[in-house]
Amino acid sequence: MSTNQQSDEELMHLLKLGDDLALSVLYERHSSKVWSYLKRRVPDSNAEDLFQDCFVKVVEKRDAWNGQPFVLWLYVVMRNTVSDYFRSKKVESKYLNFLEDRSEERESKALQVEELLGVLPNDKAQLLREFFSEGWSYKELADKYDMSEISLRKRLSRTIKKIKKEL
Amino acid sequence: MKDDFLEFITESKKVPDNLFTETRELVRVSLKPKYTVAKFYALQVLGMFLTLFICPQYGFQSVGFSGIADWVMEKGVFVCAIYCSSIFFAGGLAVSYIFLTKGEFNWIYRNRLSLIIPFNSVVFFLMMLTKDMALENHALFHGNTFNITWIFTSFLVALIVTELVKLRSVKFARVGI
């Protein structure tokens, strides 16, 4: 009997023995079903990758096939491939949402800090700006304000604590 | 699930020709990957060997490229290790990828980490073992800085070259080449 006339299950037995002709026939028989299914469920560019994933899994997991109808087994392999894809997308979108939230949170905090700087006495606000935004060192600031480094650190620390409390 | 399965077995849509051919080749390689792995590594070794002709450590100075290597060596150990590793691995991979079919390359791409990391590590240890046989035994090649930079550059270069070839193949596939 030629390979083309054999049933899917007979071809799977041959595929398990490493027959690449059996693989080609199975692929030609079922690729359009898999493609049609994927096209309706995932975007075009991903459908191509998943299509390849699905058939690579058929080859790699051929030893796990235990005689059930091939089409059903192929369907399960394909469904798992699609589920994995949506699971990874979900994780990806959760991560993107998290990043978005974080950036919104940071922006709102930055706005709050600016508002608080406006409320602080001018010299303290100026000191914070110089230290955090303009990158002055403790020593440079201590020289500028004519005080010891220890006093300057204390003043900065008190001001920061005050801001943290307000936030 | 029942409806979903019924939909699966009753509906079909023609697979685009490019994708159909590419996937058929890919699954064939997946069935018997040993040949592809052997081809990938053998071609890489050949390419790497060819790069040794312009290597001041193992190479043949008479070919006239040593001027570049001398200049690189003057720039210090980092630049030298990055240059050496980049030429060595990019050269090897270039030869390999030129001779691989599209299906073979796709399979390599899917398994790139598990193929590249052990191979580069083995090559690294072999190069360490043969260091004393090199034509020029410059002290520059014997420090840990050189070795560590060399091996990390090898991973990075191999992954970058592989990604670039993948990008190129995707681009050509889209215009039907």
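This is a predicted model: local features need pLDDT of at least 70, side-chain atom pairs count only at pLDDT 80 or more; totals for chains, interfaces and linings use all residues.
Local features require pLDDT of at least 70 and side-chain atom pairs pLDDT 80 or more, whereas totals for chains, interfaces and linings use all residues. Residues are numbered from 1 along each chain as its sequence is written, with chains lettered from A and ligands numbered from 1 in the order in which they are written.

The largest nonpolar core has 51 residues. Such a core is a set of buried Ala, Val, Leu, Ile, Met, Phe, Trp, Tyr and Cys residues joined through C-beta atoms within 7 Å; buried means that 20 or more other C-beta atoms, placed from the backbone, lie within 10 Å of the residue's own. Val34(A), Leu38(A), Phe51(A), Cys54(A), Leu74(A) and Met78(A) touch the most other members. Beyond four places in sequence, Met78(A) is in contact (C-beta atoms, placed from the backbone, within 7 Å) with Val34(A), Tyr37(A) and Cys54(A).

Between the chains, 21 residues of chain A are in contact with 18 residues of chain B. On the chain A side, helix 2 (20-41), helix 3 (44-60) and helix 4 (70-119) each supply at least two residues; helices are DSSP runs of H or I, at least four residues, numbered from the N terminus. Helix 2 of chain A gives the largest share, 11 residues.

Within chain B, the axes of helix 2 (residues 17-31) and helix 6 (residues 102-110) come within 8 Å and cross at roughly 65°. These axes are lines fitted to C-alpha atoms over the stretch in contact, with angles from 0 to 180 degrees between N-to-C directions. Residues meeting across this pair include Glu22(B) and Arg28(B) in helix 2 of chain B, and Lys102(B) and Trp107(B) in helix 6 of chain B.

Technical notes
A residue is buried if 20 or more other C-beta atoms lie within 10 Å of its own, exposed if 12 or fewer, and partly exposed in between; C-beta atoms are placed from the backbone. Two residues are in contact if their C-beta atoms, placed from the backbone, lie within 7 Å.
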